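Today I'm opening my notebook on this model and writing down what I look up as I go.

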Amino acid sequence: MRALAAGELRRVLARRMLRVLTLLAVAGITVAGVLTFLNTEKVTSEQLVARTQAAAARTAACEAGTDPPEVDGRGIDPQRLPPPGSAERREFCRFAAGGVDDPRFKLTTLKGILQGTTAPLVVVAWLIGASVIGSDWQSRTITTVLTWEPRRARVLLTKAFACVVVASAFALLAQAMLSLALLPSAYLHGTTAGANGDWLLSVLGVLLRGTGLVAIAAAVGFSVASIGRNTAAALGIGFAYFLVIENVVGSFLEDFRRWLVLGNAIVLVSGQDSGGEVIGRSVPVAALYLTAVGIGLLAVATMVFRRRDVA
Amino acid sequence: MAVIELTGLRKEYQRFRRPPIVALDGLDLSVPDGGVFGFLGPNGSGKTTTIRCLLALARPTAGDCRVLGVDSQTALPEVIGRIGSMVETPGLFPAMTGRRNLALLGRIQGIGPAAVAAVLERVGLAERADDPVRNYSLGMRQRLGIAIALLKDPQLLVLDEPANGLDPAGIKEVRELLRGLGAEGRTVFVSSHLLSEVQQTCDRVAVLARGKCVAAGPVDDVLAAGGSHGLVVRLGDLQAGRAALAEAGIESLLEADHLRVALPPAEAERVTRALVHKGLYLTELRPEEVSLEAVFLELTGEHHGEAQ
Ligand SMILES: Nc1ncnc2c1ncn2[C@@H]1O[C@H](COP(=O)(O)OP(=O)(O)OP(=O)(O)O)[C@@H](O)[C@H]1O
Ligand SMILES: [Mg+2]
């Protein structure tokens, strides 16, 4: 059993696709780190106070009408603005005067950034799961392995396990590397204000839930490709299901969103009950629901694999 | 004890809105322990299907399939360590080297790198063992497949057309390899549609046609059962020879440049005597050659090797 698992892990790691994905991830993370560093800058507290005051003055001038506001570099006829003192005028001026010019990188935004990376990592996990079993079918290596270990459930579940482990490790490493790549910006061009113990815990929560979702995505991609015996089929079915069915159902039937995989994934990643406007779904229930979907599909794939002929 | 025992094996492949394909139609087969057993049949006769049922890769529709004394559908894990196999073209991991392919499989059964190196040597792949399989030629892949089958040092080898894609030297090597394995006391079950291969390699043979076994036994017996026995007689004046034989009460057939006489070789003397009696002298007298080809066509009742 250990030998089987070790072998499957090595086979997944030897895949060319995984190397390409790793290269792409490293390149993307490096670019993100460098661009963030270039687009942020250090601001002293005196400068910050001065900029805050300047922003307040601009807003006040706009509201009083002493300074004709500009939008996109073009002056606007003060006659056509909402009357001074009105709520509309305040709203407009907040927008027209611009906020405080603060080009620092705030470490606390890392949480949101990591949440944003979950979606691409889920796609990567799906791809890893689907392509591993898909190419096993295509190259008929599944036959070869079965002539060494005929217990089919064992073989399939070990393969799924290898995909889940590799996809999860990939996601965790990518997110850790992204965090590292952003640290120079945070320490040299920014602020770590607010990045306290509680914050760190919430970031760890994001990582944990994101990795869980990635693991489930790998298992689901694997199961679908195993049943369809084809990588492309799994990708096509995934694409059609999420973009067409879930999207359409989700946008027309708001109440139904908590029963969609996408809705539950949104709640899980957000870490908030009813997060992302998925009404009536708590984080633990979303986690359970998604786990059940993953395990259920894997169980179906195993049953199908045990019954059907292998070429 | 029979190493492989098939009784009434039936396998249907379902088709959408059409009657199923009957690949095996009540196949009975018994392969004794030791030696090389040829499994002969034309394309589509069900050789690969039989092997897949044997290795529990396919689920038989009906019938019994026993390997090394156990039911292969339920208890194959108990004996799989003693069965080396290759089904059709070997399924290999293209991103890995030949050696790595073998090593990862071997580890499942606790087989180490020394054995891997030994089989690579045995199939003549030692030199290219550390290239990725993606870059292998067809014949090299086939050799690696044979290496995978040999790696377990198995008591029973099940090989599906192992000579596929090999060059003449490779075919000869495989032939010698199989004979060697058989002589070591192992059982080699090898499928083929190449009659000459079976004739040169195997001790026993079973002939498959349309999912049924039409003949089985020692190669010589199967040959004897099928071929029409006779003598080829060649002489200057065929017509005169024919008349002389008829006078001696021997039926003969006039062919393009010789006569065919339906007598067993042991009675060739009668032919010579009859002809010499009339002053006719032979230029050639020999037993008619019986090729497995002829037997095969006769047994399978096919004339272009096409099933259905
Ligand atoms: N997966 C499958 N689905 C449907 N029909 C199949 C399948 N596999 C084999 N068959 C059919 O079963 C019959 C026997 O096929 P099989 O592959 O066992 O023949 P074979 O004797 O190995 O032929 P060959 O010498 O060409 O390898 C054929 O009619 C074939 O079309
Ligand atoms: Mg075949």
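I started with V232(B) and looked for its bridge partner, which is R260(B) in β13(B). The two strands here are β11 (residues 231-235) and β13 (residues 259-261) of chain B, and they pair in the antiparallel sense over three bridges. For my own bookkeeping, strands pair if DSSP finds at least two bridges between them. Helices (H or I, at least four residues) and strands (E, at least two) are DSSP runs, numbered from the N terminus.

A note on provenance before going further: this is a predicted model, where local features need pLDDT of at least 70 and side-chain atom pairs count only at pLDDT 80 or more, while totals for chains, interfaces and linings use all residues. Residues are numbered from 1 along each chain as its sequence is written, chains are lettered from A and ligands numbered from 1 in the order in which they are written, and side-chain values use heavy atoms, with hydrogens and water left out.

**The four-stranded sheet**

I then traced the sheet around that pair. It is an open sheet of four strands in the order β12-β13-β11-β14 (chain B), with antiparallel pairing. β12 (252-254) and β14 (282-287) of chain B are the edge strands; each has a single partner strand, so one side of each lacks a neighbour in the sheet. From one strand to the next, the twist averages 20 degrees.

Which helices lie across these strands? Helix α9 (residues 238-247) of chain B lies across β11, β12 and β13, and runs at about 165 degrees to β12(B). Helix α10 (residues 268-277) of chain B lies across β11, β13 and β14, at about 20 degrees to β11(B). The axes are lines fitted to C-alpha atoms, for helices over the stretch in contact, and angles run from 0 to 180 degrees between N-to-C directions.

**The six-stranded sheet**

Next I looked up the other sheet on my list. This open sheet of six strands has the order β6-β7-β8-β3-β9-β10 (chain B), and its pairing is mixed. At the edges stand β6 (83-86) and β10 (212-218) of chain B, each with a single partner strand, so one side of each has no neighbour in the sheet. The twist averages 15 degrees from one strand to the next.

Strand β3 (residues 35-40) and strand β9 (residues 204-209) of chain B pair in the parallel sense over four bridges. G38(B) has V205(B) as its bridge partner in β9(B), and L40(B) stands opposite V207(B). With β10(B), β9(B) pairs in the antiparallel sense over six bridges, and there V205(B) stands opposite G217(B). The hairpin of β9(B) and β10(B) has two residues between the strands, and R210(B) takes a positive phi near 50 degrees in it.

Is β9(B) mostly covered or uncovered? It is mostly covered, with five of its six residues buried. Buried means under 20% relative accessible area, exposed over 50%, and partly exposed in between (1.4 Å probe, protein chains only).

**Cores**

I looked up the largest nonpolar core and found 144 residues, with I83(B), L102(B), L144(B) and F189(B) having the most contacts inside it. A second, separate core of 15 residues includes L231(B), V233(B), A268(B) and V271(B). A nonpolar core is a set of buried Ala, Val, Leu, Ile, Met, Phe, Trp, Tyr and Cys residues joined through side-chain atoms within 4.5 Å.

I also listed what I83(B) touches: not counting residues up to four places away in sequence, L55(B), V67(B), L68(B) and K152(B) are among them. Contact means heavy atoms within 4.5 Å.

**A loop glutamate**

Then I checked E161(B), placed in the loop between β7 (156-160) and α6 (168-183) of chain B. E161(B) counts as buried because its relative accessible area is 15%. Leaving aside neighbours within four places in sequence, E161(B) is in contact with K47(B), Q142(B), S191(B), S192(B) and H193(B).

**Whole chains**

Last, the totals. Chain B comes to eleven helices and 14 strands, and 49% of its 308 residues are buried. I have chain B divided into domain 1 (2-225) and domain 2 (231-287), with C-alpha centres 46 Å apart. Domain bounds come from an automatic or database domain assignment.
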